[in-house]
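Reader: I have a model open and a few quick questions. Can you walk me through it?
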Amino acid sequence: MTTVAPTTGEETDSPYALSHLDALESEAVHIFREVAGEFERPVILFSGGKDSIVMLHLALKAFAPAPVPFTLLHVDTGHNFPEVLEYRDRVVAEHGLRLHVASVQEYIDRGALKERPDGTRNPLQTVPLTEKIQAERFDAVFGGGRRDEEKARAKERVFSLRDEFSQWDPRRQRPELWQLYNGRHAPGEHVRVFPLSNWTELDVWQYIAREGIALPEIYFAHERDVFKRSGMWLTAGEWGGPKDGESVEKRLIRYRTVGDMSCTGAVDSDATTLDAVIAEIAASRLTERGATRADDKMSEAAMEDRKREGYF
Amino acid sequence: MTTTTEQLADLSATTLLRFATAGSVDDGKSTLVGRLLHDSKSVLTDQLEAVEHASRNRGQETPDLALLTDGLRAEREQGITIDVAYRYFATARRRFILADTPGHVQYTRNMVTGASTADLAVVLVDARNGVIEQTRRHAAVAALLRVPHVVLAVNKMDLVDYAEPVFAKIAEEFTAYASDLGVPEITAIPISALAGDNVVEPSANMDWYGGPTVLEHLETVPVSHDLTSCHARLPVQVVIRPQTAEHPDYRGYAGQIAAGTFRVGESVTVLPSGRTSKVSGIDLLGKSVDVAWTPQSVTLLLEDDIDISRGDLIVPTGDAPATSQDVEATVCHVADQPLAVGQRVLLKHTTRTVKAIVKEIPSRLTLDDLSQHPEPGQLVANDIGRVKVRTAEPVALDDYADSRRTGSFLLIDPSDGTTLAAGMAGEAFGGKAHAAHAEETAPASDDDGWDF
């Protein structure tokens, strides 16, 4: 048996003070276990991005040595990075998990969704996501959203009730008191659950480093064919870039977020290790979404509007 | 790149402080929050650009920092903060989670929400106005919620010529009032959020003040209490039974330790059944340990195979809370629909939800002057009152004064799941509460508690 001495905090703190990562981890595990205890059909939204990877890692720890009592759901835009899909399938197989996929391409192919003129598919994810939730009767849907990402997300509860149309009404949220999460809902409604609510981008990276969690390679600096659109480096590919007047060049870049290829920008970087990535983020003067997400720049309330409709 | 691995290691060793801000509409709360975020370099270039852009679109010449924090369309339209927002910033010494709560009278429930998880509350006062009703209301909510540390930030000192007597008078009046309510620790700091005096940097304008700046105090205030004297409590969330070839007999009781410490070898009792056993092992998220404490999420293993399920409470034998079907508590009503005598509700306490009925509402409190109104019949949004509730099954409630986590509960409407009220078991305030008005109306009491 290993004896763990109480963490030494600062001089003014009691020996029982937890480090901030331990406190965030403990809180997230508590949230996963609450959902396991109170819901019938929970699912984890899993994109293969770092936040969902951390969520899965926390879920694995929360129920160890038993398996994770949740299935996974990936909303596939059809414009995914191949490295990320490969990572997704490897993780699912490794832990014997069950993966649901909601496909945007399928909706476009059968005419249920129309491609946007700007080619971005991020906003198109809402319909396949919400219809999958209804079809599978998921009653709790874990998302990796963090309140530090965006000002509408700063208003999001840890347990966030969605109506039968999956809509979020920010003015009718339940107050969230102490750690007493109220997950009661009527049939057809569901609860979005955000165990990483109180984490920041830096916390996520520090936790990944501390726990030695593997990530898709696109998070680390590598050479890639990219072109510039709206001030961001986008990966060239069959999804629709570059267009006339846009030229491809090979650059040393990495990704800070993983999303649809059409609207997720890369940043110039030579960070090839976790320590280098953490140092880069700690010094960055841009937020994660400001640096790499075109879809949030559409309007001042872009995120709030999409969330109201059922987006994560 | 100047950040070294050692510095990064230091970063992750820092502790977390949760705090809430409270202030009236024009006390300068947004400015204080904006300055804390800005001066701790937590506002990044693209966020500032977005604010500048939005401000220009509104015809404002200077960036309106409130747009940084008002995240909802309706808030920006009305220029007020409606709902609690959580913000994150860090210094080299500590990480912070700030519950930014609205100051309007009608949003008392939001301050309750923010204060429920806070280790510290910052109450803002305008130096020109001194302690006003709203200040007393904020102090009362902080006392009611048992927030361990309260900071009185006397703001706009620049508008009273940085005069020490102005500050001293306000600090004295507030400290006397809040101490009587039972606030254990009060720190008064004279500031100008606009000019930056004593927020992050010490003020050159107030050399008569020898205490910490707001940020310095936030960085150094102790976040945990001495747990050795706390009653240990583990509400069981889920039972972990892998039933695999590798772990055929593993049976663990998973939960977040709500208070105190647990040790291997300790005798424990399970409530409400009253069965006893011994702790044979503690798993701390995959690592075996021999002692664990709040707020760690753990899995307890017991020597005996006894019947335990979600909603049970594991406590040290000989240190169990009384179980009862009659709960008397102070509640803050947080829903738009009222709570009335005779109403059927659900009571959610830790991981246990039981049916209950509201038997009595003995009194309603007016936070402005702490006067009490007997038998109001019902409570409406933002009301704070005493209630007596009868539960269908026994619950093991601690006094909220002893444990915020195991002394608190929610009342829920069973028909639509609405959270109706936030409950705190036991006496309302910890101090003598001899506020002038209370002295007139409250009957003489032998104990220190103040029952209204």
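Reader: How many helices and strands does chain B have?
Author: The secondary structure of chain B comes to 10 helices and 25 strands. Helices (H or I, at least four residues) and strands (E, at least two) are DSSP runs, numbered from the N terminus. This is a predicted model: local features need pLDDT of at least 70, side-chain atom pairs count only at pLDDT 80 or more, and totals for chains, interfaces and linings use all residues. Residues are numbered from 1 along each chain as its sequence is written, chains are lettered from A and ligands numbered from 1 in the order in which they are written, and side-chain values use heavy atoms, with hydrogens and water left out.

Reader: What share of chain B is buried?
Author: Of its 452 residues, 59% are buried. Buried means under 20% relative accessible area, exposed over 50%, partly exposed in between (1.4 Å probe, protein chains only).

Reader: And the contacts in chain B with a separation of 6 or more? What part comes from residues 24 or more positions apart?
Author: Those residues account for 69%. Contact means heavy atoms within 4.5 Å.

Reader: Switching to cores. Which residues touch the most other members in the largest nonpolar core?
Author: Phe32(A), Val54(A), Leu58(A), Phe159(A) and Trp199(A), in a core of 80 residues. A nonpolar core is a set of buried Ala, Val, Leu, Ile, Met, Phe, Trp, Tyr and Cys residues joined through side-chain atoms within 4.5 Å.

Reader: What is Phe32(A) in contact with?
Author: Leaving aside neighbours within four places in sequence, the partners of Phe32(A) include Ile44(A), Met55(A), Leu58(A), Phe142(A) and Pro195(A). A second, separate core has 77 residues, among them Leu37(B), Leu152(B), Tyr177(B) and Met206(B).

Reader: Now the backbone. Which residues does a cis peptide bond join in chain A?
Author: Ala64(A) and Pro65(A), with omega about 5°. Pro65(A) sits in the loop between helix H2 (50–63) and strand S2 (71–76) of chain A. In chain B, a cis peptide bond joins Leu271(B) and Pro272(B), with omega about 10°. Pro272(B) is in the loop between strand S11 (267–271) and strand S12 (275–284).

Reader: Is Asp161(B) buried or exposed?
Author: Exposed, at 69% relative accessibility.

Reader: And where is Glu375(B)?
Author: In the loop between strand S21 (371–374) and strand S22 (378–379) of chain B. Phi of Glu375(B) is near 45°, a positive value. At 51% relative accessibility, Glu375(B) counts as exposed.
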